[in-house]
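Try each one before you read the solution.

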Amino acid sequence: MPRTAENLTIWRQGDGDGFGRRPQLLRHTLASSPLFSDEAIAGLIEASPRDRFHVNTMPRDATDPRKWREGDMSGLSGHDVLAAVTKGNLWVHLQRVQDTDPAYKTVLDRLFAEIAEHVPGFRSYKRSMSVLISSPRMNVALHSDMPGQSLWQVRGVKRVWIYPPNAPYLPQRTLEDIVLKRSSDTQLPYDASFEDGALSYELTAGDWATWPRAAPHRVVNGDCVNVSFTTEHWTDALRAGYAVDYANGLLRPAFAGRDLDRSTQGPAFWGKLDVTAAHKTWRSARGATTLPMTVDFRVDPTCDAGFSDIAPYDIMK
């Protein structure tokens, strides 16, 4: 489709056929949007309640996801947080910004309307947008996301490595534990040999990347502050795969711990849907839908690293 002033996304012939099925690098036109200016982002930071943000750090040379740390920035001004990010080693994740400011919902809806125009049969729901602000050379831990996921670069340069969503990069048992919230999405095995199976993209302003559901990925920033955003979505096919992984995790002990079939067709699939629905209803009634996270640092623009260590405490999120 030819680019016009109204288009937020740029597609080449054949791009729509691969969406969600394989890693892809595409282009967008939001790099100069005022919604991602420092002033707008500072306002988003201040407007985001505690249940809608993460702030994290990880040593710049680390690849072990267990070194990923959770922090807090409550009560700080948005510009103080941005100053800490600029000088330090921080990753700020503002979640569900479409609920914080309706201007982002307008953009989110437009993006997915354009995706639907180009991807045959695409119908999405439970869509969400998060804004990411991160320090020069910040290292983001290997992790796996359960919804459909895209990463949109607005400012700066970063490199993303995307791994196949199967063993050894993502063992089926590990995937099930993440889906069942028995472990976090960063608790993945990692070995340097994984790099042989990775697909790597360098993202600059105006690039966006997408990949199959649950594909593990990690990110390293260039020597510059980065501003980007992610979008998440669900489709019937994504929900079906999620439900099967959920049920397989519950059924694993009854089958001697072995991997079960992940098909999303046939009688066994419909039985697994019932298992998943029943367990999620029971779990919700018990309130057991979140994992505790340990917070052990606080954003501090006066420190060289952009944060200071504090006595650890747990939050549910």
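Helix axes here are lines fitted to C-alpha atoms over the stretch in contact, with angles taken between N-to-C directions from 0 to 180 degrees. Keep in mind that this is a predicted model.

**Exercise 1.** Work out how helix α7 and helix α8 cross.

*Solution.* Start with the axes: those of α7 (residues 236-251) and α8 (residues 267-286) come within 8 Å and cross at roughly 75°. Angles of 65 to 115 degrees count as roughly perpendicular, so α7 is roughly perpendicular to α8. Next, look at who touches whom: on the α7 side you'll find Tyr242, Ala243 and Leu250, among others, meeting residues of α8 including Phe269, Leu273 and His279. Sorted by class, this contact has eleven nonpolar, three polar and three charged residues.

**Exercise 2.** Classify the ring pair of Phe19 and Trp208, then say what it ties together.

*Solution.* The structure holds 17 aromatic pairs. In this one, the ring centres are 6.3 Å apart and the planes sit at 55°, so call it tilted. Now place the partners: Phe19 is in the loop between α1 and β2, and Trp208 is in strand β11, so the pair links parts 189 residues apart in sequence. Phe19 is buried at 6% relative accessibility, and Trp208 is buried at 0%.

**Exercise 3.** Describe what surrounds the ring of Trp234.

*Solution.* First, Trp234 pairs edge-to-face with Tyr242, at 5.4 Å between centres and 75° between planes. Then check the ring's face: Arg239 lies over it, 4.7 Å from the ring centre. Finally, accessibility: Trp234 is buried at 9%, and Tyr242 is buried at 10%.

Conventions
Residues are numbered from 1 along each chain as its sequence is written. This is a predicted model: local features need pLDDT of at least 70, side-chain atom pairs count only at pLDDT 80 or more; totals for chains, interfaces and linings use all residues. Side-chain values use heavy atoms; hydrogens and water are left out. Helices (H or I, at least four residues) and strands (E, at least two) are DSSP runs, numbered from the N terminus. Angles under 35 degrees count as roughly parallel, over 145 as roughly antiparallel, 65 to 115 as roughly perpendicular and the rest as oblique. Contact means heavy atoms within 4.5 Å. Ala, Val, Leu, Ile, Met, Phe, Trp, Tyr, Cys and Pro count as nonpolar, Asp, Glu, Lys and Arg as charged, and the others, Gly among them, as polar. Rings of Phe, Tyr and Trp (its six-membered ring) pair if their centres lie within 6.5 Å; planes under 30 degrees apart count as stacked, over 60 as edge-to-face and the rest as tilted. Buried means under 20% relative accessible area, exposed over 50%, partly exposed in between (1.4 Å probe, protein chains only). A charge sits over a ring if NZ of Lys or CZ of Arg is within 6 Å of the ring centre and within 35 degrees of the ring normal.
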